[in-house]
Amino acid sequence: MLDNLIREGVGMTSRRTRERLIERLQEQGIQNENVLEAMASTPRHLFVDEALSHRAYEDTALPIGYKQTLSQPYTVAKMTELLLQHVKHRGRVLEIGTGSGFQTAILAQFFDRVFTVERIAPLQQKAQKRLSDLQLKNIQYRHADGHQGWSIGGPFDAIIGTAAASSLPEELPEQLRDRGVLILPVGESVQKLTMIRRIGDDYSHTIIETANFVPLLKGVIT
Ligand code: SAH
């Protein structure tokens with residue numbers, strides 16, 4: 001998909017380095033071939049500062065400034081796999097916590113439209129530049145506190161949170177379309193990756209696994 005943007009032969013971006021990451025994701029249980037393909041072809045080294053780019057294909061979270069991190073590849077792959085398994089229609093997805101924009105780039109390859117919210121303006125601006133350089137045009141950006149979701153962008157087929165809420169923000173499930181799916185880490189000292197499915201006005205909750213995300217914070221930084 002975005003493969004042509006990865007320069008072959010340069011150590012950190014070589015096919016072998018990326019193959020090793022994909023093998024590791026498979027060992028951890030990621031099975032969806034389309035997700036594995038997107039993880040292999042999306043140039044993660046462009047989402048971190050150059051000084052860290054040699055570590056971009058390790059299965060680890062990496063710092064992106066402002067005390068935030070680019071999520072671990074396993075986490076991105078797992079959340080994407082869950083969404084694709086459970087959503088009925090790949091129309092609109094809302095992402096809370098744009099960060100580096102890496103998860104956004106993955107979502108943009110599977111959903112018709114991505115709505116992404118970030119509270120730290122400089123991170124949002126960098127992400128927006130990277131994603132437009134990658135020619136991903138189906139993304140809308142908002143600088144705001146994502147606790148309120150993005151009501152006029154919705155209703156959404158899927159909502160994904162990439163920072164952990166201390167408790168479930170009330171307004172998010174309401175912005176799901178019927179049969180829509182929300183995946184969000186919830187908790188403080190112990191976080192649980194939680195999936196909520198809307199069926200009519202009923203919401204089913206499933207705990208997927210424990211997680212380790214940066215916290216979902218209130219307010220915005222300009
Ligand atoms: N998916 C991103 C994860 C970045 S870390 C990536 O892989 O790069 C989580 C991000 O959520 C941070 O950028 C942080 O600033 C943002 N965030 C935290 N609380 C938020 C809130 N209330 N609203 C919007 N973004 C928030």
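Reply: Happy to. A cavity here is a set of points, on a 1 Å grid over the protein atoms alone, where a 1.4 Å probe fits but cannot get out. Grid points are joined across faces, edges and corners, and a volume is the space filled by probe spheres set on the points. This is a predicted model, where local features need pLDDT of at least 70 and side-chain atom pairs pLDDT 80 or more, while totals for chains, interfaces and linings use all residues. Residues are numbered from 1 along each chain as its sequence is written, and side-chain values use heavy atoms, without hydrogens or water.

Me: How many cavities of 30 Å³ or more are there?

Reply: There is 1, and about 50 Å³ of space lies in the largest cavity.

Me: Which residues line the largest cavity?

Reply: With an atom within 4 Å of a point as the test for lining, they are Phe47, Val48, Asp49, Ile64, Ser100, Leu123, Lys126 and Arg130.

Me: OK, new topic. Which residues come nearest to the ligand?

Reply: Ser100, Glu118, Asp145, Gly146 and Leu217, out of 25 residues around the ligand, each with a heavy atom within 4 Å of it. Ser100 also lines the largest cavity.

Me: What does Glu118 place by the ligand?

Reply: A polar side-chain atom, 2.6 Å from a ligand oxygen; a polar contact is a pair of N or O atoms within 3.5 Å. Asp145 has a polar side-chain atom 2.9 Å from a ligand nitrogen.

Me: And which atom of Ser71 is involved?

Reply: A polar backbone atom, 3.1 Å from an oxygen of the ligand.

Methods: A polar contact is a pair of N or O atoms within 3.5 Å; within protein, one must be able to donate a hydrogen and the other to accept it, and residues adjacent in sequence count only if both atoms are side-chain atoms. On a 1 Å grid over the protein atoms alone, a cavity is a set of points where a 1.4 Å probe fits but cannot get out, and a pocket is an open set with protein on both sides within 12 Å along at least five of seven lines; lining residues have an atom within 4 Å of a point.
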